[in-house]
Amino acid sequence: MKKQYLFDLQIFDNATGIDRTGAEALIPEDRAQEIIQGTIESSAVLSMGRKLANMTAKQSKLPVLDSLPVAYFVDGDSGQKKTTKQAWDKKVIYAEEIAVIVPIPEAVLDDAEYDIWAEVKPRVQEAFGKVIDEAILFGTGKPANWRAGLVPSIPTGAKVSLATTPDLYDATLAEGGSIAAVEESGYFVTGHIADISMRAKLRGLKDKSDRPLFLSSMQNAGNYSLDGSAIQFPRNGAFDKTQALMISGDFSQLVYSIRQDITFKLFTEGVVQNPDGSIAYNLMQNDMVALRAVMRLGWEIPNPVNGLEKDKAKRFPFAAITA
């Protein structure tokens with residue numbers, strides 16, 4: 001079983017891939033594309049955000065409208081016409097690398113009567129989706145070049161605390177709520193990302209007659225949406241409810257670009273180190289192989305000027321409910 005598995009990888013390498021080092025086999029490109037799509041589906045942020053064209057360099061400059069032209073009435077036939085201007089700001093998307101290594105004992109490959117790749121692929125998708133969501137939403141583990149996370153970037157006035165606004169309906173849908181904060185910045189909310197605990201809070205919402213707002217009956221599934229926009233509840237462990245319970249916003253303003261699709265290389269020799277430098281696995285000595293997955297991507301929030309809010313310090317396309 002093991003020999004057939006490694007032989008197939010070598011065939012695919014010769015047919016579709018270029019090995020940069022001349023010593024490692026590449027997983028077929030079509031499988032890399034499958035993983036890219038799977039990672040986007042596993043990541044709440046990437047599935048809701050707007051994908052730009054792939055980057056062609058480590059940095060991609062994003063022109064953003066920064067000031068709008070102003071029109072004036074002309075006073076009478078001999079009135080003087082005034083001039084105006086329009087300006088653009090420049091934001092930069094930095095492509096940073098995400099990687100994971102999956103060591104597998106050769107004995108497992110020998111004895112396995114199932115598709116090892118089919119078992120590994122979902123775990124790789126989850127691992128990539130989790131680290132992407134953590135970095136983009138909360139800045140957790142983010143590369144130094146990436147902008148601050150989405151929640152830390154939200155202006156104080158756009159955050160609604162349930163401690164001071166105990167009515168969840170008011171905190172989300174009413175005047176002064178999170179959706180209204182996005183609208184006051186000149187954007188319409190297109191979706192929400194929430195901690196799993198918000199499901200119970202929403203199910204517990206009742207009208208003045210004590211009837212549940214989200215459940216038409218105990219037999220039907222709850223309709224988890226607010227103002228017509230669906231709510232996603234990530235289950236990859238990335239959502240940090242200590243920073244926010246729910247994030248609402250215009251997700252067309254969360255843009256990302258991929259510099260390098262996921263590539264795979266299979267190693268049969270070498271060592272895998274722990275963060276402290278100690279050796280976790282010696283592939284040759286432990287009779288193991290290691291599959292390495294790597295991708296590069298970057299993201300940004302353009303937040304262009306609009307007619308409702310011209311002050312960039314007050315304008316932001318997202319708001320959050322905090323505990």
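The model is predicted: local features need pLDDT of at least 70, side-chain atom pairs count only at pLDDT 80 or more, and totals for chains, interfaces and linings use all residues. Residues are numbered from 1 along each chain as its sequence is written, and side-chain values use heavy atoms, with hydrogens and water left out.

Start with the whole chain. It has nine helices and 15 strands. Both are DSSP runs, numbered from the N terminus: helices are H or I with at least four residues, strands are E with at least two. The chain has 323 residues, and 42% of them are buried. Buried means under 20% relative accessible area, exposed means over 50%, and partly exposed lies in between (1.4 Å probe, protein chains only).

Now the salt bridges. Side chains of opposite charge can pair when their charged atoms come close. The structure holds four salt bridges. Each is a side-chain nitrogen of Lys or Arg within 4 Å of a carboxyl oxygen of Asp or Glu.

One of them joins Glu96 and Lys58, with the closest N and O atoms 3.5 Å apart. Glu96 sits in strand β5 (residues 96–105) and Lys58 in the loop between β2 (50–51) and β3 (59–67), so the pair ties together parts 38 residues apart in sequence. Glu96 is buried, at 15% relative accessible area. Lys58 is partly exposed, at 36%.

Helix α5 (residues 116–138) holds Arg123 and Glu126. They form a salt bridge, with the closest N and O atoms 2.8 Å apart. Glu134 counts as buried at 17% relative accessibility, while Lys130 is partly exposed at 30%.

Finally, look at the surface. Tyr169, Leu173 and Leu213 form a nonpolar patch with about 250 Å² of accessible area together. Patch residues have over 30% relative accessible area and no salt bridge; like charges are joined within 9 Å, nonpolar side chains (Val, Leu, Ile, Met, Phe, Trp, Tyr) within 5 Å. Tyr169 belongs to helix α7 (residues 168–172). Tyr169 is partly exposed, at 39% relative accessibility.

Conventions. Areas by Shrake-Rupley, 256 points an atom, 1.4 Å probe, with all protein chains shown as cover.
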